[in-house]
Amino acid sequence: MGGGPSAGPVVLDPDAKLEGEITVWSWDVAATALDRLGAEFEAEHPGTTVNVVDVGYDNAYDKLSVGLQAGSGLPDVVTIETDRAPGYINEFPTGLVDLDPVLGEAEADFDPFKWAAQSDADGALKVAPWDSGTVGLFYRTDYFEEAGIDPASISTWDDLVAAGEQIKAESGHTLLSLDVATGGGFQMLLQQQGQGLFDENGDITVNSPEAVEALTLLQTLNEKGLLKNVKGWDGRVTSAKDGDSAVTPEAVWWIGTLLGDAPELSGSYGVTELPAFEEGGVRTSNSGGSGLAVPAQAKNPQLAAAFVDFALADAGNQASMMENEGLFPSYLPALQGQYFAEPQEYFGGQPVYELFAEQTANIPAITFTTDNAEASDIVANAVVAAVLNGADPQQALDDAAQQIATATDREIAE
């Protein structure tokens with residue numbers, strides 16, 4: 001499937017004259033941000049029009065899949081989340097325009113994980129990096145103080161488990177609230193160790209030593225009574241509001257969730273780096289984030305690519321989307337702005353964005369395939385088996401690897 005018939009691939013000209021109009025699809029605050037920047041782009045480029053349409057998250061991917069399949073019906077710019085991008089890139093290899101002619105010189109200025117995940121096998125950038133889901137460890141300062149634990153002393157997951165036991169003994173609170181049925185953070189823990197569900201050859205890696213270590217950690221947390229199993233997004237938010245658990249390992253966008261849904265907890269939270277699996281190891285991962293792509297069927301691909309460049313490869317514009325809409329930049333120069341060093345009242349004056357800014361360039365790059373969604377469902381069942389039902393983590397993941405191999409015809413990595 002190549003994204004429908006065309007006269008040939010669209011080749012962008014970074015010096016093309018910019019005129020006419022484009023339509024952009026996005027949703028929620030992302031659409032708000034693009035609409036705001038669209039007006040600024042129009043002011044800088046007389047004779048251009050940027051129409052932003054909020055297509056709604058629930059409809060976005062149905063519309064995108066149908067449009068790529070048909071070779072028609074898509075706008076000039078579409079929003080695609082990072083974890084979904086590789087599937088579209090692989091399934092529709094000519095369906096999205098190569099953005100390298102316009103953005104390629106800026107590659108070193110972007111979150112390397114995002115750039116790699118949103119490029120094709122030949123290295124062509126098909127989805128430009130927008131916002132990053134840089135992960136840190138949110139913690140309840142009051143619970144840590146009550147248990148006499150200095151957050152700075154937590155450098156590994158073993159340290160955090162020990163702290164969790166102490167916190168539970170002192171206050172009765174669990175350490176983590178997770179939705180085990182959806183995988184309980186397993187893939188986040190796996191990426192922290194530089195691995196995905198597949199390796200660069202497309203072989204299955206869900207039963208690697210690193211994967212076993214991640215699942216064993218989740219099982220240990222449950223066995224020690226340190227894990228509260230909640231259901232879905234609402235369950236996680238409610239658990240945070242109710243103060244069930246001492247820490248939340250999550251992306252920078254969790255800040256917006258806390259500000260919006262738990263304003264009464266202002267002053268009760270701090271943020272530190274994610275604990276490493278071993279001393280000196282990586283102390284971040286990724287959860288979420290998205291990018292912008294130009295479909296090959298775009299009516300005005302040159303203007304579309306110029307707008308993507310304007311919105312995403314500009315430190316001021318990316319920083320403005322953080323300040324106004326809470327979209328944390330994938331464009332590293334934007335992270336040097338004054339806003340990211342400012343103390344945040346909600347977090348007791350801690351400049352929490354500075355921590356996420358420092359860690360963004362450290363997010364390990366991993367490989368996605370067209371089978372990631374199916375593999376994720378199978379792995380989630382393995383997490384349930386080990387964490388809730390006591391199955392041996394190695395056996396549960398070996399079984400999952402075999403199921404993925406059967407379902408996808410892929411090899412299990414040696």
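Visitor: So what covers the buried residues of H2?
Guide: This is a predicted model, by the way. The cover includes strand E3 (77-81) and helix H3 (85-91).

Visitor: Which residues of H2 are buried, then?
Guide: Ala-60, Tyr-61, Leu-64, Gly-67 and Leu-68. Looking down the axis of H2, you'd find them within an arc of 135°, so they line one face of the helix.

Visitor: And which exposed residues sit on the face turned away from that buried side?
Guide: Asp-58, Asp-62 and Val-66 are the exposed ones there.

Visitor: How far does H2 reach from its first C-alpha to its last?
Guide: It covers residues 57-70, which is 14 residues, and reaches 21 Å, close to the 20 Å expected at 1.5 Å a residue.

Visitor: OK, switching to H7. Which of its residues are buried?
Guide: Trp-157, Leu-160, Val-161, Ala-163, Gly-164 and Ile-167. Their arc around the axis is only 165°, which puts them on the same side of H7. Asp-158 and Ala-169, on the other side, are exposed.

Visitor: What covers the buried residues of H7?
Guide: The cover includes strands E4 (128-140) and E7 (247-251), plus helices H6 (141-146), H8 (186-192) and H9 (209-223).

Visitor: Those two strands, E4 and E7: parallel or antiparallel?
Guide: E4 and E7 run antiparallel, joined by five bridges. One of the pairings has Phe-138 with Thr-248 in E7 as its bridge partner.

Visitor: Is E7 largely enclosed or exposed, and why?
Guide: Largely enclosed by the rest of the structure, because five of its five residues are buried.

Visitor: Fine for a glycine, I guess. Which residue other than glycine has a positive phi near 55°?
Guide: That's Asp-28. Most residues other than glycine have a negative phi. Asp-28 lies in helix H1 (residues 28-44) and is exposed, with a relative accessible area of 53%.

Visitor: And which one has a positive phi near 65°?
Guide: Asp-409, again a residue other than glycine. You'll find Asp-409 in the segment after helix H16 (393-408).

Visitor: Is Asp-409 buried or exposed?
Guide: Asp-409 is exposed, at a relative accessible area of 72%.

Key. Residues numbered from 1 in each chain as written. Predicted model: local features only at pLDDT ≥ 70, side-chain atom pairs only at ≥ 80, totals over all residues. Heavy atoms only, no water. Buried < 20%, exposed > 50% of the residue type's maximum accessible area, 1.4 Å probe, protein only. Helix = DSSP H or I, 4+ residues; strand = E, 2+ residues; numbered from the N terminus. Arc of directions from axis to C-beta. Contact = heavy atoms within 4.5 Å. Expected span 1.5 Å × (residues − 1). Pairing = 2+ DSSP bridges.
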